[in-house]
Amino acid sequence: MNTLTRVLIVDDHPSFRATARALLQAEGFEVVGEAENGVSALQQAKELHPDVVLLDVQLPDFDGFEVATRLTSQNGAQPVVVLTSSRDGSDFGPLVAQSGARGFIAKGELSGAALKAVLG
Amino acid sequence: MKRTGWAVVGCGILFSAIGLALVFTSDHESTPAFTAAANLVVAWSFIGCGVVALSRASDTHFGFLMSAVGLTWFLAALSESNNGLVYSIGNVLWAIPLAFFIHALLSFPRGYLETKLVYVTVATAYVILAVGPVLFQLFGENTGCSDCPANELIVVDSPNAVDFVGLIFILLGLFVCAATIWVLVRRWRAASAPLRRVLAPVFATSAIAIGVFLLAAFVSAASQTVANVLFWLLLFAVGSVPIAFLMGLLRTRLARASVANLVLELGAARDPESTLSALRGALGDPSLGLAYWLPDRSRWVDVSGWELDLEAESQGRRTTLVEHDGAVVAAFIHDSSLDAELAGAVSAAASLSLAREQSIQVVRQSESRYRALLNAIPDLMFRMSRDGTYLDFKGDRADLAVPPEELIGSNARDILPAEVAERLLRGIGQALDTGDVATGDYELTLDGVQRTFEARIVRDGEEAVLIVRDISERKQQEGELRSSRVRLVRAGDEARRRLERNLHDGAQQRLVSLSLALRLAHARLRDAPEEAERLLAGASEELAQALEELRELARGIHPAVLSERGLSAALEALAGRAPVPVGVTVPPDRLPPAVEAAAYYVISEALANVAKYAEASAVEISVTRQNGRAVIEVADDGVGGADPTRGSGLSGLVDRVEALDGVLKVESEPGAGTRIRAEFPCE
């Protein structure tokens, strides 16, 4: 049984955040919060202590990889970061691994099962 | 002496013997010694001169005529005979030599009869002098000679017939005399100086002979003693006429002696003018002209190098070609009276000198052409030594770094910047060592303006020739072209980035959400159909928005209405979406696709700028054709002050317009609105 159930969704597109929330909740995940940019993501991660941060690679203020690096290198409890993008993961080469993220899910393929598979 | 000459001499001796025998045995000759001497002197004068002329190939015809005069002179001696028939024949034939004499006189010195009048004159003379005495003999007894034999040829003794025949022949004789004088006077007046020198002795001796004859005829009535003296003088005067003929003919032969001097003079001649002077002296023709043949250009030139029409120059004159080693090298145009043999001898003697001068003329012509070619080249040219010393230059002094008087003799290191001078010297060394052309660009600041020069260095013996061209303008144009290309590439990259961003942020995100919503709806369809219905409704709305965004994007890439319905419809659509009223004037016929596209983007960008910055209340768009050009104008009544050098929008338009050889102008005085005008070639 996967214990990592508390999820923070970070994406600048409201429609994606809404759909992803409904999709993950239907699969048994708890969506503890939503952020529309990098600054908000870092802030909410600090306050809400999510188990998982579903982080879009392209944010209006920060690069998603940089946000992932900050989240995984901060002191204290570090959330598991899973990157998402509407592009294919191979477009980003080694950046996903170098950012400290656990994995990558293409937005079109997002589902509770896909997230569980990445989280192991 | 030729065989013909020997034959003439033989006949002359035979006729002389017969003539002397007839004179000295004559019963009716009162002065046999004088008559014999006179006949011998006159006849042998002509025979001798005739034989000499016969020995010259060019004077054979004339030789025959003079020999004929001499030989037929003895026919008059037949009238010395005591035999009536021989005496009568002598009276018939005595005038024949005069006909030959007139023929010789009128064909002198060319040896042939030149005009129809001369032909008629000579023919009339032959008729009068051959037929006249015959008629006299047929119709009249001899009078004035009581000791002479009777006329054996008389048919009717009719003084009236004799008078009538005499009158006819006096008239014809006057015609012959008048025509002869007319021809000779005209020939003298038309003659060139050399020809007059030939004609003068003949005319002079003939005139003297005629004058003495007339004088003796008049004086004989008063004093027979004086008349006898005059007849002796007449003897020598007539005898001198053929000698004068011969002198004229020999004048050209004697002139050949000057050919040897000509060779020496030509050897010393240093220029074509000296050669021309020597040739004129040798041929005695101050009007002689000289032409050189330029084989590479197939043209004749005169001594000054000017082109010459040899055919036109030769009108009424004679041209003698000069050959050397089998090739024509020159020609001299001279008086047609000049002896052909002499002209040929001079041609042979001068061939070497003229061949040499022809080569010089060829080189001069070639040099002249190259000089003209060099003058037509706007480049600067320098002749420089290996160590960088300027030896000579050609070009506009305004393009020089220093005045020309300071340049020659100076070294490149003292004039040019060190780096440029060193590169130049390396190039000179390379060209001199390898013989290859060395090239390079360098920059100089002249009168405060930086200019770029392109130098080509070629070897010329031990020196180098630099051909330097100012390529500043070309460099500037190349720079502008490069910048334009870079801007076009950047604009393309930027457009693609914008397109990708728009696709990613817009339609792609909506399609991702749509995909997730559909999957969620599918999962909830059985357990929560109401929620599934709500999700599907949201998905439908998402899909509609995605489609609209894709349409907008496609329109931005290339408006379909432009290619399908033309500029007019595309501009109407553009005007319809504009935030201010837009008036559109477009010609009904289509423009070339590239021009329509460029016009559309100019207007589209202009309208975008109006929306962003102009604060305008109205915009007028006009597209017209003017003198083979499409003219696009967009004018607004906004705040103006637009700067085409700032921002990528207008400069991108400049590149797009210039790519079609068009021109874009922006007038945007602050407070006076903005007017953008683009012109494209549009045949």
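Let's start with helix H1 of chain B, residues 3-25. At 1.5 Å a residue, its 23 residues should span 33 Å, and the end C-alpha atoms are 33 Å apart, so the two agree. One caution before going on: this is a predicted model.

Which residues of H1(B) are buried? They are B:Val8, B:Gly12, B:Phe15, B:Ser16, B:Gly19, B:Leu22 and B:Val23. Look at the numbering as you go down that list. An α-helix has 3.6 residues a turn, so residues three or four places apart point the same way. And what covers these buried residues? The cover includes helix H2 (32-54) and helix H3 (60-73) of chain B.

Stay with H3(B) for a moment. Its next partner is helix H5 of chain B, residues 96-106. The axes of H3(B) and H5(B) come within 8 Å and cross at roughly 160°. An angle over 145 degrees counts as roughly antiparallel, so that is what H3(B) and H5(B) are to each other. Their crossing is left-handed.

Who makes the contact? From H3(B) we have B:Phe62, B:Leu65, B:Met66, B:Ala68, B:Val69, B:Thr72 and B:Trp73. From H5(B) come B:Ile96, B:Pro97, B:Phe100, B:Phe101, B:His103 and B:Ala104. By class, the contact has eleven nonpolar residues, two polar ones and no charged ones.

H5(B) itself is mostly covered. Ten of its eleven residues are buried. Among them are B:Ala99, B:Ile102, B:Leu105 and B:Leu106.

Take B:Leu591, in the loop between strand S11 (582-585) and helix H20 (593-614). The cut-off for buried is 20 or more. Leaving aside residues up to four places away in sequence, B:Leu591 touches B:Leu567, B:Glu596, B:Ala599, B:Ala630 and B:Cys682. There is also B:Glu683 to point out. B:Leu591 and B:Glu683 are 92 residues apart in sequence, and their C-alpha atoms are 9.4 Å apart in space.

Two other loop residues of chain B deserve a stop, for their backbone angles. Some background. Most residues other than glycine have a negative phi. B:Asp325 is not a glycine, and its phi is positive, about 55°. You will find B:Asp325 in the loop between strand S4 (318-324) and strand S5 (327-334). It has 8 C-beta neighbours inside 10 Å, so B:Asp325 counts as exposed.

B:Asp661 sits in the loop between helix H21 (648-658) and strand S14 (663-667). With 9 other C-beta atoms within 10 Å, B:Asp661 is exposed. The cut-off for exposed is 12 or fewer.

On to chain A. How many helices and strands does chain A have? Five helices and five strands. From the N terminus on, the elements run β-α-β-α-β-α-β-α-β-α. Chain A has 120 residues, and buried residues make up 40% of them. Consider the contacts in chain A with a separation of 6 or more: 58% of those join residues 24 or more positions apart.

One helix pair in chain A. Helix H2 covers residues 38-48, and helix H3 covers residues 64-73. The axes of H2(A) and H3(A) come within 10 Å and cross at roughly 15°. That makes H2(A) roughly parallel to H3(A). H2(A) passes H3(A) in a right-handed crossing. On the H2(A) side, A:Gly38, A:Ala41, A:Leu42 and A:Ala45 take part. They meet A:Val67, A:Arg70 and A:Leu71 of H3(A). By class, that contact has five nonpolar residues, one polar and one charged.

Last, where the chains meet. 13 residues of chain B are in contact with 13 residues of chain A. Which element of chain B gives the largest share of its side? Helix H17 of chain B, residues 472-524, with twelve residues. The chain B side that touches chain A divides into five nonpolar, five polar and three charged residues.

Key
Residues numbered from 1 in each chain as written. Chains lettered and ligands numbered in written order. Predicted model: local features only at pLDDT ≥ 70, side-chain atom pairs only at ≥ 80, totals over all residues. Contact = placed C-beta atoms within 7 Å. Helix = DSSP H or I, 4+ residues; strand = E, 2+ residues; numbered from the N terminus. Nonpolar A, V, L, I, M, F, W, Y, C, P; charged D, E, K, R; others polar. Expected span 1.5 Å × (residues − 1). Axes fitted to C-alpha atoms, helices over the stretch in contact; angles between N-to-C directions. Parallel < 35°, antiparallel > 145°, perpendicular 65-115°, else oblique. Left-handed = near helix turned anticlockwise from the far one by under 90°.
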